[in-house]
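Here's a quick briefing on charged side chains and who they pair up with. Take a look at the model first, then read on.

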Amino acid sequence: SDESAARETAGLALLYQREPVAALYSASCGGRTKSLVEIGLPADGYPYYSVDCEACRREAREWTARFSGPDARRLRARPQSEAVRLEIVRRLGWSALPGNNYQIELAEDAVVLRGRGSGHGVGLCQQGAAAMAATGVDFRVILNRYFPATTIAVR
């Protein structure tokens with residue numbers, strides 16, 4: 001339960017090189033999480049490694065999106081950029097470009113994106129973590145999967 005999870009983790013902190021990690025997460029990575037650099041963000045502090053996510057590889061929602069004009073040009077110039085994704089979804093809504101895990105196919109005057117998952121894909125994948133927890137995997141193992149090179153300490 002949420003209550004027992006809160007009790008088990010009370011007073012604990014996720015650390016990288018003895019500093020707390022601002023633990024990013026997304027709904028569904030689509031099969032592999034992204035590093036900050038992969039989505040065009042600076043990697044100050046914790047680098048957010050790209051890691052395999054078996055649950056999303058098997059079960060992530062697939063989606064297709066088509067863009068033309070300036071959006072197509074931005075997506076081709078900066079694929080998987082979170083800044084570009086945010087520009088688009090702020091105008092067109094979150095469902096217009098659900099996540100950063102996609103392949104670009106060129107169409108005549110447009111791009112077609114074929115993707116999996118939802119969200120920026122950095123850090124902990126909620127779908128993958130939930131699948132691991134459902135099979136009884138300890139939270140420490142889950143955190144180690146999505147946040148390699150970190151430690152858990154009492155703070």
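**Salt bridges and one buried serine**

Glu-105 and Arg-114 meet through their side chains in a salt bridge, 2.8 Å from N to O. A salt bridge here is a side-chain nitrogen of Lys or Arg within 4 Å of a carboxyl oxygen of Asp or Glu. Bear in mind that this is a predicted model, where local features need pLDDT of at least 70, side-chain atom pairs count only at pLDDT 80 or more, and totals for chains, interfaces and linings use all residues. Residues are numbered from 1 along each chain as its sequence is written, and side-chain values use heavy atoms, with hydrogens and water left out.

**How exposed is the Glu-105 and Arg-114 pair?**

- Glu-105 is partly exposed, at 35% relative accessibility; the scale calls a residue buried under 20% relative accessible area, exposed over 50%, and partly exposed in between (1.4 Å probe, protein chains only).
- Arg-114 also counts as partly exposed, with a relative accessible area of 41%.

- Searching the whole structure turns up 11 salt bridges.
- One of them joins Arg-145 to Glu-54, with the closest N and O atoms 3.4 Å apart.
- Arg-145 sits in helix α6 (residues 139-146) and Glu-54 in helix α2 (residues 54-59), so this pair ties together parts that are 91 residues apart in sequence. Helices are DSSP runs (H or I, at least four residues), numbered from the N terminus.
- Arg-145 is partly exposed at 29% relative accessible area, and Glu-54 is partly exposed at 43%.
- Asp-71, Arg-74, Glu-87 and Arg-91 are linked up in a network of salt bridges.

**A pair within helix α4**

- Glu-82 forms a salt bridge with Arg-85, and their closest N and O atoms are 2.9 Å apart.
- Both residues belong to helix α4 (residues 82-92), where they are 3 residues apart, about one turn of the helix.
- Glu-82 and Arg-85 are both buried.

**Ser-81, in the loop between α3 and α4**

- You'll find Ser-81 in the loop that runs between α3 (69-77) and α4.
- Ser-81 is buried, with a relative accessible area of 4%.
- Its side chain makes a polar contact of 3.2 Å with the side chain of Arg-78. A polar contact is a pair of N or O atoms within 3.5 Å; within protein, one must be able to donate a hydrogen and the other to accept it, and residues adjacent in sequence count only if both atoms are side-chain atoms.
- Leaving aside residues up to four places away in sequence, Ser-81 touches Ile-39, Asn-100 and Tyr-102, where contact means heavy atoms within 4.5 Å.

Key:
Helix = DSSP H or I, 4+ residues; strand = E, 2+ residues; numbered from the N terminus.
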